[in-house]
Amino acid sequence: QVQLVESGGGLVQPGGSLRLSCTAPEFNLEYYAISWYRQAPGKEREGVSCSGGSVSPGDGIAYVVDSLKGRFSISRDYSKNLVYLQMNSLKSDDTAVYYCATDLDHACHPPNLMSTGMGSMHTWGQGTQVTVSS
């Protein structure tokens, strides 16, 4: 079974930054879309971001949902098999467990269908805790 592993979470003060990482031991993520979701205590899991796989140069697209655009960004280091979620200007409302996931497709779901797309994900990471607090 494909395994995804997140890292980089922790405790940060409001206004601070964190960079989360997602990788897959013994599995090449290059051709697959990778999504980031988060779930705060007592709330539903919500979509954050997605980066498409490299089937062709034109397929290398990525996005961050509108509510987080400008503070969060997604990037990939294909040589290291890593997908990053950079989080800046963090707020207390960003406190959540952050997950990466893949449905083993090359293309991202559109941003408005990220919630629906959760059900089609083949593999989820174990999650990494992000706590924003003074």
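## A buried charged pair

Arg-38 and Asp-94 are both buried (under 20% relative accessible area, with exposed over 50% and partly exposed in between, using a 1.4 Å probe and protein chains only). The relative accessibility of Arg-38 is 8%. For Asp-94 the value is 2%.

This is a predicted model, in which local features need pLDDT of at least 70, side-chain atom pairs count only at pLDDT 80 or more, and totals for chains, interfaces and linings use all residues. Residues are numbered from 1 along each chain as its sequence is written, and side-chain values use heavy atoms, leaving out hydrogens and water.

## Salt bridges

Side chains of opposite charge can pair when their charged atoms come close. A salt bridge here is a side-chain nitrogen of Lys or Arg within 4 Å of a carboxyl oxygen of Asp or Glu. The count comes to four. One of them joins Arg-38 to Asp-94, with the closest N and O atoms 2.9 Å apart. This pair links distant parts of the chain, 56 residues apart. Arg-38 is in strand β4 (residues 34–39), and Asp-94 is in the loop between β8 (82–87) and β9 (96–102). Strands are DSSP runs (E, at least two residues), as are helices (H or I, at least four), numbered from the N terminus.

Asp-94 also bridges to Arg-71, at 2.7 Å between the closest N and O atoms. Arg-71 lies in the loop between β6 (62–64) and β7 (72–77), so this bridge ties together parts that are 23 residues apart in sequence. Arg-71 is buried, at 15% relative accessible area. Arg-38 has another partner, Glu-46, at 2.8 Å from N to O. Glu-46 is partly exposed, at 35%.

## Aromatic pairs

Rings of Phe, Tyr and Trp (its six-membered ring) pair if their centres lie within 6.5 Å; planes under 30 degrees apart count as stacked, over 60 as edge-to-face and the rest as tilted. The whole structure holds three such pairs. Phe-27 and Tyr-32 are stacked, 5.5 Å centre to centre with 25° between the planes. Phe-27 is partly exposed, at 24% relative accessible area. Tyr-32 is partly exposed, also at 24%.

Tyr-99 and Trp-124 are edge-to-face, because their planes stand at 85°, with the centres 6.2 Å apart. Tyr-99 is in strand β9 and Trp-124 in strand β10 (residues 123–124), 25 residues apart. Tyr-99 is buried at 13%, whereas Trp-124 is partly exposed at 27%. With Tyr-37, these two form one aromatic cluster.

## A charge over two rings

A charge sits over a ring if NZ of Lys or CZ of Arg is within 6 Å of the ring centre and within 35 degrees of the ring normal. Arg-45 lies over the face of Tyr-99, 3.9 Å from the ring centre. Its charged end also sits over the ring of Trp-124, 4.7 Å from the centre.

## The nonpolar core

A nonpolar core is a set of buried Ala, Val, Leu, Ile, Met, Phe, Trp, Tyr and Cys residues joined through side-chain atoms within 4.5 Å. The largest one has 33 residues. Trp-36, Phe-72, Leu-85, Met-87 and Tyr-98 touch the most other members. Strand β9 gives the largest share, four residues.
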